[in-house]
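Dear colleague,

I am passing on the structure below, together with a summary of what was found in it. Please read the notes alongside the coordinates.

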Amino acid sequence: MKHVFSLAAALAFSVTPRAQTTGNITFYIDINETPPNPAGVFVAGTFQGWTAGATQLTDDDGDGIYSVTAAVEAGSFVQWKFMNGPTWGLEESVPPACGNVSDNNNRFIDAAPDVDTVLDPVCFGACVACGTVVATTPVTFEVDMSLQEVSADGVHVAGSFQGWDPS
């Protein structure tokens, strides 16, 4: 009987819920190239249930860069979109180069365990800060179709450089 009690006590302690650890992420969005919505600038994401209008950013110094700090589960995969207004339909279109292409091009980060994270400001709907000039390199694609029957619609290429749209 003593062994049964010991086993039951060991099982009870092994299934005791552990507290979730949290960290903070500070989100920044530069809205200088887009007129801010009079209703406010917001962020919606996995950390708050994708609830539009629930997490408003503020611009305390009037420089056009809005911010908010939110608690997230440490070590979690966090996704979000900024919104120029409190409702869906006012969210940014995140370029594939900085979005999760397998999930609506949401912005994303792996939240570091037990560490607060401060993200760099990005321009609304862009991967970089407003005013940043992104270097580009011209690329020519060639494909040998001599052994293939070519569709009347032609030959197309798709990739992250143009949103994976082959048309």
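A contact here means heavy atoms within 4.5 Å. Among contacts in the protein chain between residues at least 6 apart in sequence, 70% join residues at least 24 apart.

This is a predicted model, in which local features need pLDDT of at least 70 and side-chain atom pairs count only at pLDDT 80 or more, while totals for chains, interfaces and linings use all residues. Residues are numbered from 1 along each chain as its sequence is written, and side-chain values use heavy atoms, with hydrogens and water left out.

As to confidence, the mean pLDDT (the predictor's confidence in each residue, from 0 to 100) of the protein chain is 85, and 84% of its residues reach 70 or more. Over residues 7–18, however, pLDDT stays under 50, and the model has zero contacts beyond four places in sequence for them.

The protein chain has one helix and eight strands, these being DSSP runs numbered from the N terminus (helices H or I, at least four residues; strands E, at least two), and from the N terminus on the elements run α-β-β-β-β-β-β-β-β. Four strands form an open sheet in the order β3-β2-β5-β6 with antiparallel pairing, where two strands pair if DSSP finds at least two bridges between them. Its edge strands, each pairing on one side only, are β3 (56–57) and β6 (107–110). Strand β5 (residues 77–83) pairs with β6 in the antiparallel sense over four bridges, and V78 stands opposite I109 in β6.

With kind regards
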